[in-house]
Amino acid sequence: MASSTIAVACDHGGFHLKDTLMNAVHDLDWDVLDLGTNSIESVDYPQFGYAMARAIKNGDAERGILICGSGIGISIAANRFIEVRAALIHDGLGARLARQHNDANVICFGGRMIGPDLAVDCLKIFLSTSFEGGRHARRVDQLSDPR
């Protein structure tokens, strides 16, 4: 598994925010795997969520960033994969708790819902926060076994 690669994908609603977040990732010394989309032309968000999820599943990336208009649809798509724990984030507290309590490995944003400065702050918190483990580990383990 790549130890410092983050896969980034978006639909047309997240295209503008994607570049800002990719620049922030580069500034934080992570390698970026850009999975598109690369324009504001309308596309189907599930395909981009699945592409990012496959990158994590296949070990091509350790973490992921997903962006669609609201962040909801693309996070639902990615969470279809048991290797993915995608969290839709709106603020710094959510970014921190997604890592500490849920061991989220993918951060999702709504390109039409969050400003670029706040999104970058949330991303920095997300990437610098560790999973606490302990009582949360049992619960996170259950996420991969929905019996």
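The buried residues of helix H4 (residues 92-100) are Ala95, Ala98, Arg99 and Gln100, where buried means under 20% relative accessible area, exposed over 50% and partly exposed in between, with a 1.4 Å probe and protein chains only. What covers them includes strand S3 (63-68), strand S4 (86-88), H5 and helix H6 (135-143), with contact taken as heavy atoms within 4.5 Å. Helices (H or I, at least four residues) and strands (E, at least two) are DSSP runs, numbered from the N terminus. This is a predicted model, in which local features need pLDDT of at least 70 and side-chain atom pairs count only at pLDDT 80 or more, while totals for chains, interfaces and linings use all residues. Residues are numbered from 1 along each chain as its sequence is written, and side-chain values use heavy atoms, with hydrogens and water left out.

H4 packs against H5 at an angle of about 20°, with the axes 8 Å apart; axes are lines fitted to C-alpha atoms, for helices over the stretch in contact, and angles run from 0 to 180 degrees between N-to-C directions. The two helices H4 and H5 are therefore roughly parallel to each other, since angles under 35 degrees count as roughly parallel, over 145 as roughly antiparallel, 65 to 115 as roughly perpendicular and the rest as oblique. In this pair Gly92, Ala95, Arg96, Ala98 and Arg99 of H4 meet Cys122, Ile125 and Phe126 of H5. By class, the contact of H4 with H5 has five nonpolar, one polar and two charged residues, where Ala, Val, Leu, Ile, Met, Phe, Trp, Tyr, Cys and Pro count as nonpolar, Asp, Glu, Lys and Arg as charged, and the others, Gly among them, as polar.

Helix H5 (residues 116-128) also packs with helix H1 (residues 15-27), here at an angle of about 40° and with the axes 10 Å apart, and H1 and H5 are therefore oblique to each other. From H1, Leu17, Thr20, Leu21, Ala24 and Val25 meet Pro116, Ala119, Val120 and Leu123 from H5, a contact that by class has eight nonpolar, one polar and no charged residues.

Ile114 is found in the loop between strand S5 (106-110) and H5, and is buried, with a relative accessible area of 12%. Not counting residues up to four places away in sequence, Ile114 touches Leu17, Ile89, His90, Phe109, Ala119 and Cys122.

Two further loops deserve attention. Asp29, in the loop between H1 and S2, has a positive phi of about 65° although it is not a glycine, and Asp29 is exposed, with a relative accessible area of 66%. Thr37, in the loop between strand S2 (31-34) and helix H2 (45-57), is buried, with a relative accessible area of 8%, and the peptide bond from Gly36 to Thr37 is cis, with omega near -5°. Residues up to four places away in sequence aside, Thr37 touches Cys10, Asp11, His12, Phe15, Lys18, Val43 and Phe48.
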